Amino acid sequence: MLIRPFGWNEFWIIVIAAQWTIALSAIAFAGGGIGGLVIALVRVSDSKWPRLVATGFIRVFQGTPLLMQLFLVFFGLNIFGLGINPWIAAAIAFTLHASAFLGEIWRGCIEAVPPGQREAATALGLRYYNRMRYIILPQASRIAVAPTVGFLVQLIKGTSLAAIIGFTELTRQGQIINNATFSPFLVFGTVAAVYFVLCWPLSVLARRMETRFSRATTR
Amino acid sequence: MYNFNFEPVFSGFDQLLLGAWLTIQLSCAAMILGLIVSVLCAAGKTSGVAPLRWLIDAYIEVIRNTPFLVQIFFIFFGLPSLGLRLTPNSAALLALVVNFGAYGTEIIRAGIESIQKGQVEAGTALGLSKLQIFRYIIMKPALRTVYPALTSQFIYLMLTSSVVSAISADDLAAAGNDLQSATFASFEVYIVVTLIYLAMSVGFSAIFSAIEKAAFKYPLSR
């Protein structure tokens, strides 16, 4: 077998593979944003059974490994006759995962809005929808920005597991290049550096927003 | 219509239970060693000289902003080129310790910083001995402050440890992989493995909250 050296060409192949990591993260974040909003709203609703179902959904996704969630969707799709497709499996698994985590984060943010706001809105005659739409969510969304960005970092790192089911993103591309060049130190060093470049600015941003927010709200 | 076949899963169930036991052992070992790393780094960060602080900060940022899978690949495949050859199991343990150390450092540091100097001085004024001050005034409240964060970090570590199966280290996920490739009942195997993980994380949180109730039940100062 031919072993080629690790050069600029290989370096760029890895860097460019980051687009698939970004694409998968974006899909999961968009899907998880919608799912998470639904979960969060159900979690704080007044009806008991939907609330229990949403709680169970969150508990299951927080209490099991992301890798197993990915495997279950990957092999589960085959059961429903949809064949084995890493793209679809990864998109669905990460969307469900993000829905559960964002749902729990945003529930916390909704509950962090002082109870007087909700009581005042109810006293003004606003029902659930208008109360959420005009009073609670605008305030909760400000609280939510920092932890949401923090979760995005976790999600980007999590998409590396898609490599295990054969989805060619950053980590999988690293494995492929490593098999051809056999210089794991450089290859996985480069892969780690690309993840760091993606995640670190977001981490710093999240931290900054958090301190700015807590300074703005402490009196 | 797909026919679910759980027969091969249950005939290999003791294999999965052994895997679960290995996961618990691996997680506990990584937690204990990781805590040692965390305490050392937290001490270095709060009292060390500037270059040491920068080094610890860099370690924390690098680990927290790269995926665990890449860290374990780097350790298992990358380190041998520096002359450090590890078995899959020791590479898995090392990766988990290094990973937990970065998260644990921040948790421990928060605990140390939560103790105000005035409390120690009050203890001295009450005539408590050095050991009593350390035990009742520093350790107990500091532990209580960090306890919830540490226990949820432990459960997160246990779930993350499933990734070590990617370098074929021994754990529950790897036991699942073996059973899966022997029986081809992929979905059935992984749903049972997932339920075992769920049972372990629910079980551990129950144990941890029981310990919390027993150990930290004295009232808060508010």
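The model is predicted. Chain B has nine helices and zero strands. Read from the N terminus, its elements run α-α-α-α-α-α-α-α-α. Along the principal axes, the C-alpha atoms of chain B fill a box of roughly 75 × 45 × 25 Å. The chain has 222 residues, and 38% of them count as buried. Consider the contacts in chain B with a separation of 6 or more: 76% of these join residues 24 or more positions apart.

**Contact between the chains**

Chain B brings 29 residues to the contact, and chain A brings 30 residues. On the chain B side, α3 (50-64), α4 (68-78) and α9 (186-215) each supply at least two residues. Which of the helices gives the most to this side? It is α9(B), with 10 residues. By class, the side of chain B that touches chain A has 19 nonpolar, eight polar and two charged residues.

**A helix pair in chain A**

Helix α1 (residues 8-43) of chain A packs against helix α4 (residues 86-112) of chain A at an angle of about 45°. Their axes are 6 Å apart. The crossing of α1(A) past α4(A) is right-handed. Their contact has 15 nonpolar, eight polar and two charged residues.

**Nonpolar cores**

In soluble globular proteins, nonpolar side chains tend to be buried together. Here the largest nonpolar core has 104 residues. Those with the most contacts inside this core are L70(A), I72(B) and A92(B). Helix α4(A) gives the largest share of the core, 13 residues. What does L70(A) touch, leaving aside its neighbours within four places in sequence? Its contacts are A90(A), A93(A), L161(A), A162(A) and I165(A). A second, separate core has six residues. Among them are C41(B), I107(B), I108(B) and V146(B).

Most residues other than glycine have a negative phi. F182(A) has a positive phi, near 50°, and is not a glycine. S168(B) is not a glycine either, and its phi is positive at about 50°. F182(A) is found in the loop between α7 (170-181) and α8 (184-217) of chain A. S168(B) lies in the loop between α7 (130-160) and α8 (172-183) of chain B.

How exposed are these residues?

F4(B) lies in the segment before α1 (7-11) of chain B. Where is F4(B) relative to S47(B), which is 43 residues apart from it along the chain? The C-alpha atoms of F4(B) and S47(B) are separated by 59 Å.

Methods. Residues are numbered from 1 along each chain as its sequence is written. Chains are lettered from A and ligands numbered from 1 in the order in which they are written. This is a predicted model: local features need pLDDT of at least 70, side-chain atom pairs count only at pLDDT 80 or more; totals for chains, interfaces and linings use all residues. Helices (H or I, at least four residues) and strands (E, at least two) are DSSP runs, numbered from the N terminus. A residue is buried if 20 or more other C-beta atoms lie within 10 Å of its own, exposed if 12 or fewer, and partly exposed in between; C-beta atoms are placed from the backbone. Two residues are in contact if their C-beta atoms, placed from the backbone, lie within 7 Å. Ala, Val, Leu, Ile, Met, Phe, Trp, Tyr, Cys and Pro count as nonpolar, Asp, Glu, Lys and Arg as charged, and the others, Gly among them, as polar. Axes are lines fitted to C-alpha atoms, for helices over the stretch in contact, and angles run from 0 to 180 degrees between N-to-C directions. A crossing is left-handed if the near helix is turned anticlockwise from the far one by less than a right angle, and right-handed if clockwise. A nonpolar core is a set of buried Ala, Val, Leu, Ile, Met, Phe, Trp, Tyr and Cys residues joined through C-beta atoms within 7 Å.
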